[in-house]
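Here's a quick tour of some helices and a chain-to-chain contact. Have the viewer open as you read.

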Amino acid sequence: MIALDPLLEGDLLWVPLLIVLVKVLIVFVVGLLATMLMVWFERKAIAGMQNRIGPNKTGPFGILQTLADGIKLFFKEDLFPSRADRFVFALAPFLSFVPAFLAFAIIPLGGDFRGGSSGEVTLFGQVTRIQLADPPIGVLFALAISSIAVYGIMLAGWSSGSKYPLLGSVRASAQMVSYEAALGLSLACVLLLAGTLSTSGIVAAQSTITDWHVVSTGIVPFIIFLIAATAELNRPPFDLVEAEQELVGGFNTEYSSIRFALFYLAEFMNTVTMSALIVTLFFGGPQPIAIGSFVLDIPLLPNALEGTVWLLAKILVFLYMYIWFRATLPRLRYDQLMDLGWKLLIPAALGWFMLLAAQRLARQNGWNIIVVTAGSIAVLVICYLLMQAAFAKSARDRSTQGTMF
Amino acid sequence: MQFFVFVCAALMILLGAVGVIVRKHPVHAALSLVLTLFGVAVSFVSQEAHFLAAVQVIVYAGAIVVLFLFVIMLLGVDRVENLRTEPLTAQRPLAIITCLGLVGVLVAAIVNGNGVLNERGEGINLPDLQNGPDANTVQLAESIFSRYVVAFEVTSVLLVIAVVGTVLLTRKRQVKTSVK
């Protein structure tokens, strides 16, 4: 029916079914462990940046601190605020938690993609991928899932029946819906070059370092994607959802016990997933670092497993980067956030996409690529000037007539 | 398998649709709408229209209903409405008549188009992409951006007109009150 996995083509048999079940279990457990370690890693790294020690009592280097906190949260009292909408209040944490795990399913977690290999591996005589699912819509699945995740935060804030969570969730939903546009447009640049939606196809298209989409799309879509992804995750400097100084704790103020833990888990799981997605889209996922025909190969390890090592290494870089953002960047003001999203990121992503599309058309039809690029840039500059003129006019109107709302 | 998926999707759609009407609370009604939209997405997937399913979830469930909820929360209409008072007296009889009329039209359309509904469409007919994962998306893009490009562009112009019109209408009212 659906070619989610080469395993599931043809009749459904016991061995493929078992392999899929084991893969589901492994991805789930790895997801939970990754989240646990990410929480510890973030606390430890931030502590280091702020000249503190951080968690150091539970387990070696305090690595079990998250587990201890989780167990503690399990045994706390589960509160329902009296003005809460009980059904939605109970539903919201799951709407946040489940999408966080689902998105991880489409990330290629390993496999040999070198030199245009398909990344398929053979397990117990069955051809499969080191990836839970490879749906035909590929990365669009991640976008769809992240748009579902908005509901978790939005409904959590609303159903609490309290004003600070409501404010937090209204902010969050506006922010996430706005930045989704920039996210999608910068993603479109990658899809334009890869020519496919499937994540394994995108990885297979990035065999050398110059093929990595961060280089081949020009660095701009990557930067836009990184900023929009940070905003989508509600991580600092875009964490207006839980601005402690203004909103107590944000959308999850009224939550306690395991329901709160689910939100917390979802937030960190989303960070891991988004880093993995960035690596998959722009940095070749499980591909090794290769310049021309030289491949940085890890000896003694089979190529398929080596992919997993490379992926982990690349993801760690981005996880560290997110922590670094949190420790160094101050939070944006709300109007700055909206200005950045609508007036800078979306037009820039759209313009860059048009530029890449024009270049691609020129290459296909054998036109002079320099002339086409120059022409496109001229058009973009005119568009930019028009946009600036419009901004200036509206700013003038605002100062003479006041705001119109 | 296909039948099972169809029954599940149909149940989701119908339950959601009934929920939109029956639930008194606007937020619950909006959530029921999400259920319906998901059911439609599931039936798209079972028809192998993966791209449409993704767009259905991203655009309808992910953006439009979020905006509905946003407006409901922002305007503070998230209270249970009193259904006893009626602003327009003829509303209920008219609604019943319109409803019956709509059912009649739908039944007539289905009976009339019986032959067409039972025929199979062309489906995916790109020979070189027959088994590729992107055949669906490619074909959709080709028909939107080549064959039906005018209709597509006209629709987008229509949307822009709607936005501009809304801005204009809200601004006019504001100018009047500020003059007073």
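Start with helix H1 (residues 14–49) of chain A and helix H11 (residues 303–328) of chain A, which pack at an angle of about 45 degrees with their axes 10 Å apart. (Axes are lines fitted to C-alpha atoms, for helices over the stretch in contact, and angles run from 0 to 180 degrees between N-to-C directions.) H1(A) and H11(A) are therefore oblique to each other; angles under 35 degrees count as roughly parallel, over 145 as roughly antiparallel, 65 to 115 as roughly perpendicular and the rest as oblique.

This is a predicted model: local features need pLDDT of at least 70, side-chain atom pairs count only at pLDDT 80 or more, and totals for chains, interfaces and linings use all residues. Residues are numbered from 1 along each chain as its sequence is written, while chains are lettered from A and ligands numbered from 1 in the order in which they are written.

Who touches whom here? Two residues are in contact if their C-beta atoms, placed from the backbone, lie within 7 Å.

| H1(A) | A:Met38, A:Phe41, A:Glu42, A:Ala45, A:Ile46, A:Met49 |
| H11(A) | A:Leu319, A:Tyr320, A:Ile323, A:Arg326, A:Ala327 |

Now for the two chains: their contact takes 22 residues from chain B and 24 residues from chain A. On the chain B side, H3(B) gives the largest share, 13 residues. Helices here are DSSP runs (H or I, at least four residues), while strands are E runs of at least two, numbered from the N terminus.

Last stop: H13(A) is followed by A:Gly402, whose phi is positive, near 85 degrees. Of the 33 residues of H13(A), the number buried is zero, so this helix lies largely in the open. (Buried means 20 or more other C-beta atoms within 10 Å of a residue's own, exposed 12 or fewer, and partly exposed in between, with C-beta atoms placed from the backbone.)
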